[in-house]
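Please take a moment to look at the sequence and the model before reading on.

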Amino acid sequence: MQKNSLLLFNPSFITRYAPFLRDRYLLTKSNHLRLRYVVGGSAVFAVLAGMALGNVLTPSAQQIALLEPAAGLTASAQLQDPLRRDPAAKESAALVAQDEQAQTNSLQPKLVQVKVGKGETLSEVLEDAGVSLQEASDVVKVVSRHINPRQIRAGQKFDLRLDPDSTGSSLAVTEASFAIDPLRTLRVERGNNGDLQSRMDEKPITARRQAARIVIDGSLYMSADKAGVPDRITANVIRLFSYTVDFQRDVKNGDKMEVLYDSYLTPEGELVKTGDIVYARIVLGGKEYPLYRFKTKDGTEDFFTPDGRSIRRSGGLMKTPVAFGRLTSGFGMRNHPVLGYTKMHKGVDFAAPIGTPVYAAADGVIEKAGRFSSYGNYIRVRHSSKLGTAYGHLSRYGKGIRPGVRVKQGQIIGYVGNTGRSTGPHLHYEVLVNGVQVNPRSVKYTIDNRLKGNELERFREHIRRLGQEYVQNVPSVKLARN
Ligand SMILES: [Zn+2]
C-alpha cells in the first residue's frame with residue numbers, strides 16, 4: 001500500500017487538519033466503504049465516495065468492513081477509530097441492520113441486533129452500535145442493577161432500538177432487550193421523562209416427562225444422542241445399571257435402552273435443564289433390566305427392580321469405605337505401633353491422606369459422632385438391630401452428620417484424619433455384631449431390601465402408572481400403536 005494514498009484517505013489526517021469536520025463511514029451494499037464528512041451537527045459537507053476496499057484503507061478498517069459485507073449499515077461508530085480496538089473483537093461485533101434507510105443517514109432510528117465479541121465489554125458493544133460513550137455508560141449502569149455486566153459472554157446477542165437524541169447529533173438507546181439466559185430477559189426502556197427504566201422478565205418453566213427409546217447402533221452415547229437424549233441422562237442411566245452391566249463389554253448393536261425422565265422447559269419448549277430419571281430399562285441380548293424410581297415410606301427415593309428390590313442396598317457392606325484407601329493393617333493380633341506390645345487389632349486400617357472422604361458402609365442411622373477415647377473423632381452407624389460399623393481417627397465429620405441422622409450407603413460421613421491414638425493419617429474401620437468387633441470378612445451381610453405388604457402394592461401401582469406414562473410420551477411406541 002502506498003503511503004501517499006493512505007495518508008490522503010486516512011480520516012484522522014483529515015480531521016486533524018480540519019477539526020470542524022466529523023467523519024462518518026458508510027458501508028454500501030456493493031462492499032464499498034464510503035466516508036462522509038459532517039460539519040457540526042448533521043449537514044453533509046463532503047462525500048468521499050467509491051473507495052474500493054483493499055486499496056486505501058488501513059488494514060484493520062478493511063478487515064472490519066469486509067466482515068459484514070451484507071450489513072448495509074452505517075458503520076460510523078464501528079469505524080471511528082479502527083485501530084483503537086482488537087480486530088478480532090470487532091469481528092464478532094456484528095451489526096445486522098433491519099432498517100434499510102440506515103445506510104444513507106446515520107441518524108435515522110434503527111433496530112439493530114448486536115453480538116458480543118470475544119473480550120468485549122457491554123459498553124464497547126453499545127459504542128460499536130453507534131451510541132456515545134456517555135449513553136453506553138448509562139445503559140451499563142441500568143443493566144448493573146440486575147446483573148453483573150462482566151457476566152455477559154461472547155456470542156450473546158442483544159436487540160437495540162436507537163433513535164437520535166435531543167441534540168440530533170448522536171444516537172440514544174430507546175429500547176434494549178438482553179437475553180440473559182433462556183429464562184431471563186432484561187428490558188431497558190427510555191421513559192417519558194428521558195430516564196432509562198429497566199425490568200427483568202422471567203419466563204415460567206414447566207416440568208414435563210420425556211421418554212426415549214434407543215436402539216443401540218455403535219456407541220450407546222451416540223445412539224442416545226441421535227434419539228435426542230441429553231448426555232447427562234445417558235450418563236445417569238449407565239450409572240444406574242453399572243452394578244449389573246459391564247457397558248464396555250456387554251452392550252452390542254441392536255440392544256435397547258428406554259428412559260423416562262423429567263425435563264424443565266420454557267413456554268416455547270426450549271429445554272432449560274433435565275431432572276431425574278423415573279424409569280429406565282435396558283435390553284441386552286434379549287435380557288431385560290427394568291428399574292423404577294420409587295419413594296419409600298421412610299421418605300428416601302431409590303431405584304427398584306420390578307419385584308421390589310432396591311438396587312443400591314443389595315450389595316451388603318462396602319468393602320472399602322474410604323475413597324482411595326490402602327489396607328495397611330488387618331483384623332487380628334498385632335504388635336501395637338504406639339503401645340509397643342502385642343494387642344488385638346479390632347478393626348482394619350486404611351492409609352489415606354488427611355481429608356480423604358469416608359463413606360457409610362451401608363444404609364443406617366448415625367449412633368455416635370464425636371470424640372471417643374483413643375479413637376479420636378469417631379462415628380458409629382447402626383445398620384440393623386444387630387449390625388453396626390465404626391470409623392475412627394477422623395479429621396472432621398461430613399455435613400449434617402450427628403446422632404439420629406439417616407445415611408445412605410456410600411454417603412460421605414467424615415474425612416480421614418490422625419486424631420486419637422494414631423501414628424499417621426488413616427481410617428480405622430470396625431464392623432460390630434451385637435456391639436462386638438468382628439472380622440469384616442466374616443460378616444455375611446445382606447439386607448432384606450425387598451418392599452413388602454402395602455408398600456409393595458403401592459410400588460406395583462407406581463410401576464403400572466410409569467408404564468402408561470412412558471407409552472404416552474415415547475414417539476415411536478405411539479406410532480407403532482396407531
Ligand atoms: Zn486401627
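Predicted model: local features only at pLDDT ≥ 70, side-chain atom pairs only at ≥ 80, totals over all residues.

Tyrosine 359 stands opposite isoleucine 412, a residue of β25. Strand β19 and strand β25, the latter made of residues 412–415, pair in the antiparallel sense over three bridges, and they belong to an open sheet of three strands whose order is β19-β25-β23, with antiparallel pairing. Because β19 (357–359) and β23 (396–397) each have a single partner strand, they stand at the edges, and one side of each is left without a neighbour in the sheet.

A second open sheet has five strands, in the order β10-β11-β12-β13-β14, and its pairing is antiparallel. Here the edges are taken by β10 (206–215) and β14, each of which has a single partner strand, so that one side of each is left without a neighbour in the sheet. From one strand to the next, the twist averages 25 degrees. Within this sheet, β12 and β13 pair in the antiparallel sense over six bridges, and arginine 281 has proline 290 in β13 as its bridge partner. Helix α9, which covers residues 231–241, packs on the sheet and touches β11, β12, β13 and β14, while its direction makes about 40 degrees with that of β12. Helix α10 also packs on the sheet, touching β10, β11, β12, β13 and β14, and its direction makes about 110 degrees with that of β13.

Which residue meets the side chain of arginine 281 in a salt bridge? The partner is glutamate 258, with 3.2 Å from N to O. Glutamate 258 and arginine 281 are both buried. In general terms, side chains of opposite charge can pair when their charged atoms come close.

The structure holds 20 salt bridges, and another of them joins arginine 187 to aspartate 201, whose closest N and O atoms are 2.6 Å apart. This pair also links distant parts of the chain, since arginine 187 is in strand β8 (residues 184–190) and aspartate 201 is in strand β9 (residues 196–202), 14 residues apart. Arginine 187 counts as partly exposed because its relative accessibility is 30%, and aspartate 201, at 25%, counts as partly exposed too. A network of salt bridges links Arg187, Glu189, Arg199 and Asp201. Elsewhere, the side chains of arginine 380 and glutamate 367 meet in a salt bridge with 3.0 Å from N to O. Arginine 380 is in strand β21 (residues 377–382) and glutamate 367 in strand β20 (residues 364–371), 13 residues apart, and the pair links these distant parts of the chain. With a relative accessible area of 23%, arginine 380 is partly exposed, and glutamate 367, with 36%, is partly exposed as well.

Threonine 296 has its place in the loop between β13 (287–295) and β14 (301–304), and because its relative accessible area is 9%, threonine 296 is buried. Leaving aside neighbours within four places in sequence, threonine 296 is in contact with Phe304, Leu451, Glu455 and Arg458. Arginine 441 lies in the loop between β27 (436–438) and α10 (453–473), and at 76% relative accessibility it counts as exposed. The C-alpha atom of arginine 441 is separated by 9.1 Å from that of phenylalanine 331, although the two residues are 110 residues apart along the chain.

The chain contains 11 helices and 27 strands, and of its 482 residues 45% count as buried. Among contacts between residues at least 6 apart in sequence, 57% join residues at least 24 apart. The chain exposes about 25,400 Å², of which carbon and sulfur atoms supply 50%.

Methods. Residues numbered from 1 in each chain as written. Heavy atoms only, no water. Salt bridge = Lys/Arg side-chain N within 4 Å of Asp/Glu carboxyl O. Helix = DSSP H or I, 4+ residues; strand = E, 2+ residues; numbered from the N terminus. Buried < 20%, exposed > 50% of the residue type's maximum accessible area, 1.4 Å probe, protein only. Contact = heavy atoms within 4.5 Å. Areas by Shrake-Rupley, 256 points an atom, 1.4 Å probe, with all protein chains shown as cover. Pairing = 2+ DSSP bridges. Axes fitted to C-alpha atoms, helices over the stretch in contact; angles between N-to-C directions.
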